[in-house]
Amino acid sequence: MTWSHFTDVSNDPLYPFGFGLSYTTFTYSEPKVSAAEIGMTGEVRVTTTVTNAGKRPGVEVAQLYVRDMVGSVTRP
């Protein structure tokens, strides 16, 4: 349990660990990136195909995590 600034609000998770796990499996194609580098105001688009490879219907949420390896601005 973590501490909260709001003592009258519970910090218990809304859903238990593993809630929403699927009864099927999904495969992802190799991601495609629109640009190897982007400028300060640029953007990059990443696409992939998600396929239900199992025997049951299901829903998948694709997530992408990125970070700036050599940033010109130091972030906390």
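Is Ile38 buried, partly exposed or exposed, and what is its relative accessibility? At 46% relative accessibility, Ile38 counts as partly exposed.

The structure is a predicted model, in which local features need pLDDT of at least 70 and side-chain atom pairs count only at pLDDT 80 or more, while totals for chains, interfaces and linings use all residues. Residues are numbered from 1 along each chain as its sequence is written, and side-chain values use heavy atoms, with hydrogens and water left out.

The protein chain has zero helices and four strands. Along the sequence the pattern reads β-β-β-β. Helices (H or I, at least four residues) and strands (E, at least two) are DSSP runs, numbered from the N terminus. The chain holds 76 residues, and buried residues make up 4% of them. It exposes about 7,900 Å², of which carbon and sulfur atoms supply 57%. Accessible areas come from the Shrake-Rupley method with a 1.4 Å probe; for residues, only the protein chains shown count as cover. Contact means heavy atoms within 4.5 Å. Among contacts between residues at least 6 apart in sequence, 45% join residues at least 24 apart.

Thr24 sits in the segment before strand E1 (26–28). Thr24 is buried, with a relative accessible area of 11%. Neighbours within four places in sequence aside, Thr24 is in contact with Asn52, Gly54, Lys55, Arg56, Pro57 and Gly58. The side chains of Thr24 and Asn52 are joined by a polar contact of 2.8 Å. A polar contact is a pair of N or O atoms within 3.5 Å; within protein, one must be able to donate a hydrogen and the other to accept it, and residues adjacent in sequence count only if both atoms are side-chain atoms. A polar atom of the Thr24 side chain also lies 3.2 Å from the backbone oxygen of Arg56.

Thr48 is placed in the loop between E3 and strand E4 (50–52). Its relative accessible area is 33%, so Thr48 is partly exposed. Beyond its neighbours within four places in sequence, Thr48 is in contact with Tyr28, Ser29, Glu30 and Pro31. Thr48 and Tyr28 are 20 residues apart in sequence, yet 6.5 Å apart in space, C-alpha to C-alpha. A polar atom of the Thr48 side chain lies 2.7 Å from the backbone oxygen of Ser29.

A nonpolar patch on the surface is formed by Val33, Ile38, Val44, Val46, Leu64 and Val66. Together these residues have about 550 Å² of accessible area. Patches are made of residues with over 30% relative accessible area and no salt bridge; like charges are joined within 9 Å, and nonpolar side chains (Val, Leu, Ile, Met, Phe, Trp, Tyr) within 5 Å. Val33 lies in strand E2 (residues 32–33). Val33 counts as exposed, at 53% relative accessibility. Ile38 is in the loop between E2 and strand E3 (46–47). Leaving aside neighbours within four places in sequence, Ile38 is in contact with Glu43 and Val44.

Glu43 also takes part in a charged pair with Arg45. Side chains of opposite charge can pair when their charged atoms come close. A salt bridge is a side-chain nitrogen of Lys or Arg within 4 Å of a carboxyl oxygen of Asp or Glu. The count by this rule is one salt bridge. In the salt bridge between Arg45 and Glu43, the closest N and O atoms are 4.0 Å apart. Arg45 is exposed, with a relative accessible area of 55%. Glu43 counts as exposed at 62% relative accessibility.

Definitions and conventions:
Buried < 20%, exposed > 50% of the residue type's maximum accessible area, 1.4 Å probe, protein only.
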